[in-house]
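Work through the exercises below with the sequence and the 3D view at hand. Each task is followed by a solution in steps.

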Amino acid sequence: MTNVPNPNVVDADTLTGDLRPLRRTAFALGSNLGDRLEFLQAAVDTLTDSSEIVPVAVSPVYESEPVGTPEGSPRFLNAVLVVDTTLSPRSLMERAQSTESAYGRTRDVPNGPRTLDIDVLAVGDVTSDDDDLHVPHPRLAERAFVLVPWADIDPDFSVPGLGRVIDLSSAVDATGVRRLDEALEIPA
Ligand SMILES: Nc1ncnc2c1ncn2[C@@H]1O[C@H](COP(=O)(O)OP(=O)(O)OP(=O)(O)O)[C@@H](O)[C@H]1O
Ligand SMILES: Nc1nc2c(c(=O)[nH]1)N=C(CO)CN2
């Protein structure tokens, strides 16, 4: 049987202007290679350099030991960027991946050190179970390095199927997730 598009399913990217819903969206930013703070700032600048992505807040920066990475991997800096956007989860992931590539992210060693890692955490109340796109991000509820910064800036956001960010954050062990004095900026 051929694959006939379902006329009742609207791809948000094909809609224009006011027809597209504006969705509260969060990106997780991470770096454990090179000038980590500079790479996180580059991610904020690049992701928000679009009329379709309106920055809402960027979290403080946290440092933590790497979780689930090869022995001897360097420590991570992590932050969360919250935006409002009309773009679909897939467009957002494509922007995240092109931004990672622009700042030297390679994928040669599984879970190896990376200049920049950007995950799409959640896009409003949308869910996706495609093989290459899981939204909300399937590992977010176990990651203190994601939930602690996210709770700083959007505690009441309700993650589909999981509940409020602040409640998820309170439920994880945040030992070793250390807030730094250095701050990221949202471009003017
Ligand atoms: N919500 C999502 N955000 C970003 N990538 C996703 C998402 N869902 C699925 N992926 C897929 O995950 C693949 C691997 O991404 P990546 O190499 O950045 O993983 P990772 O950061 O090492 O691990 P993790 O996903 O546990 O943070 C990507 O090619 C992408 O297709
Ligand atoms: N502390 C910390 N550990 C990790 C991180 C990360 O961003 N921070 N990202 C991973 C894969 O994306 C695996 N482990």
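For counts by class, Ala, Val, Leu, Ile, Met, Phe, Trp, Tyr, Cys and Pro are nonpolar, Asp, Glu, Lys and Arg are charged, and the others, Gly among them, are polar. The model used here is predicted.

**Exercise 1.** Describe the surroundings of ligand 1.

Solution. 
- Step 1: Ligand 1 has 13 residues around it, and the closest are Asp119, Val120, Asp132, His134 and His137.
- Step 2: Helix 2, strand 5 and strand 7 (133–135) are the elements that each supply two or more residues to this shell.
- Step 3: Sorted by class, the shell around ligand 1 holds 5 nonpolar, 3 polar and 5 charged residues.

**Exercise 2.** List the residues around ligand 2 and sort the shell by class.

Solution. 
- Step 1: The shell around ligand 2 divides into 4 nonpolar, 6 polar and 1 charged residues.

**Exercise 3.** Which residues of helix 1 are buried, and what do they pack against?

Solution. 
- Step 1: Helix 1 covers residues 36–47, and its 12 residues reach 17 Å from first to last C-alpha, close to the expected 16 Å.
- Step 2: Arg36, Phe39, Leu40, Gln41, Ala43, Val44 and Leu47 are its buried residues.
- Step 3: These buried residues pack against strand 1 (23–31), strand 2 (53–58), strand 4 (76–85), helix 2 (89–102) and strand 5 (117–123).

**Exercise 4.** Describe the annotated domain.

Solution. 
- Step 1: An unreviewed UniProt entry annotates residues 27–155 as "domain: 7,8-dihydro-6-hydroxymethylpterin-pyrophosphokinase".
- Step 2: In the model, the span 27–155 is 28% helix and 29% strand, and its end C-alpha atoms lie 14 Å apart.

How values were computed
Residues are numbered from 1 along each chain as its sequence is written. Chains are lettered from A and ligands numbered from 1 in the order in which they are written. This is a predicted model: local features need pLDDT of at least 70, side-chain atom pairs count only at pLDDT 80 or more; totals for chains, interfaces and linings use all residues. A residue is near a molecule or strand if its C-beta atom, placed from the backbone, lies within 6 Å of it. UniProt positions are given in the numbering used here, feature names are shortened, and annotations may be inferred rather than shown by experiment. Helices (H or I, at least four residues) and strands (E, at least two) are DSSP runs, numbered from the N terminus. The expected span of a helix is 1.5 Å times one less than its number of residues. A residue is buried if 20 or more other C-beta atoms lie within 10 Å of its own, exposed if 12 or fewer, and partly exposed in between; C-beta atoms are placed from the backbone. Two residues are in contact if their C-beta atoms, placed from the backbone, lie within 7 Å.
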